[in-house]
Amino acid sequence: MATPRENPYVWATWVSRLMAGEVQCEWSMWFRAHYQYDRRPSDFDLAKWTAEHAEMVREQAAGLRTAGYHVMLEGQNAFKMVGRHAVTLAGKPDIVAERDGVVQVIECKTGSPRVSDHMQVLIYMLILPYVRPIWKLVPIQGCLQYRHDQVAIPAQAVDDAFRTRFRHLMAQVGGTSALARVPSYAECQFCDISRRDCSDRVDTPPPDVMASEHDLF
């Protein structure tokens, strides 16, 4: 069974998915923040992903060093920021590179582009000046590096609207009141919370309605 956390703990990647609208079941994110639990088995090839991702990060870091950047990788960039009501936000940007008074936050993605990728980088751009106050007065830019494409994110993308949306979702996910459950096969098939912890889980796809059962089209 799930065990309550002493205080809510939120990963930046969870909030980014909510901000992107890629998750409809807000309860699943709230549950992750408030409980530790045994995850459902997955057929995701973690070893393959880890190797491919590490290779991308190494390649990008090497190119940045050649271009004269001071480069910090993953563990060097890890942060935990405690906010209101003891809610902790954690994250680990792939690469943070600095040159000529400009900081770049770079995330390497091995899969297809998603809106949450963009939101994840924006969260890192927002948080880093607080983690390293020396950067409060320098531009922080973002970059998404895919296999065959690169997307630049300007510093001004972290605007008041983004800050407001981020604060609102952090208050919801880290709050004491459970958020709404929105179970569906499309949502649940990618969720690692088992039926033991979520009785509303949907593991069966909806049946097709055959032509013989209607005359609508």
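**View 1. The whole chain and its surface.** The protein chain exposes about 12600 Å², and carbon and sulfur atoms supply 54% of that area. Accessible areas here come from the Shrake-Rupley method with a 1.4 Å probe, and for residues only the protein chains shown count as cover. This is a predicted model, in which local features need pLDDT of at least 70 and side-chain atom pairs count only at pLDDT 80 or more, while totals for chains, interfaces and linings use all residues. Residues are numbered from 1 along each chain as its sequence is written, and side-chain values use heavy atoms, with hydrogens and water left out. Along its principal axes, the C-alpha trace spans about 65 × 40 × 35 Å. You can trace six helices and 10 strands in the protein chain; these are DSSP runs numbered from the N terminus, with helices (H or I) of at least four residues and strands (E) of at least two. Of the 217 residues, 41% count as buried, where buried means under 20% relative accessible area, exposed over 50%, and partly exposed in between (1.4 Å probe, protein chains only). Among contacts (heavy atoms within 4.5 Å) between residues at least 6 apart in sequence, 67% join residues at least 24 apart.

**View 2. The largest nonpolar core.** A nonpolar core is a set of buried Ala, Val, Leu, Ile, Met, Phe, Trp, Tyr and Cys residues joined through side-chain atoms within 4.5 Å. The largest one has 37 residues, and Val-10, Val-15, Leu-89, Ile-123 and Phe-166 touch the most other members. At least two residues of this core come from each of α1 (12-19), α2 (26-34), β8 (102-108), α4 (115-131), β9 (140-145) and α5 (160-173). The biggest giver is α4, with nine residues. As a general point, nonpolar side chains in soluble globular proteins tend to be buried together.

**View 3. Helix α1 in its surroundings.** Six of the eight residues of α1 are buried, so this helix is largely enclosed by the rest of the structure. Those buried residues are Ala-12, Trp-14, Val-15, Ser-16, Leu-18 and Met-19. They pack against β2 (9-11), α2, β6 (88-91), α4 and α5. Following α1, look for Gly-21, which has a positive phi, near 75°.

View 4. Asp-38 is partly exposed at 49% relative accessibility, and Arg-196 is partly exposed at 46%. A salt bridge also links Arg-39 and Asp-192, with the closest N and O atoms 3.2 Å apart. Because Arg-39 lies in the loop between β3 and α3 and Asp-192 in the segment after α6, this pair ties together parts that are 153 residues apart in sequence. Arg-39 is partly exposed, with a relative accessible area of 48%.

View 5. The side chains of Asp-117 and Arg-114 meet in a salt bridge (3.9 Å, N to O). Asp-117 is buried, with a relative accessible area of 2%, whereas Arg-114 is partly exposed at 48%. Elsewhere, salt bridges that share partners join Arg-32, Arg-39 and Asp-192 into one network.

**View 6. Asp-197, buried and without a salt bridge.** Asp-197 sits in the segment after α6 (185-188). Asp-197 is buried yet has no salt bridge, and the nearest side chain of opposite charge, Arg-196, is 4.6 Å away. Leaving aside neighbours within four places in sequence, Asp-197 is in contact with Met-1, Ala-2, Trp-27, Phe-31 and Tyr-37.

Methods. Lys, Arg positive; Asp, Glu negative; His and termini not counted. Salt bridge = Lys/Arg side-chain N within 4 Å of Asp/Glu carboxyl O.
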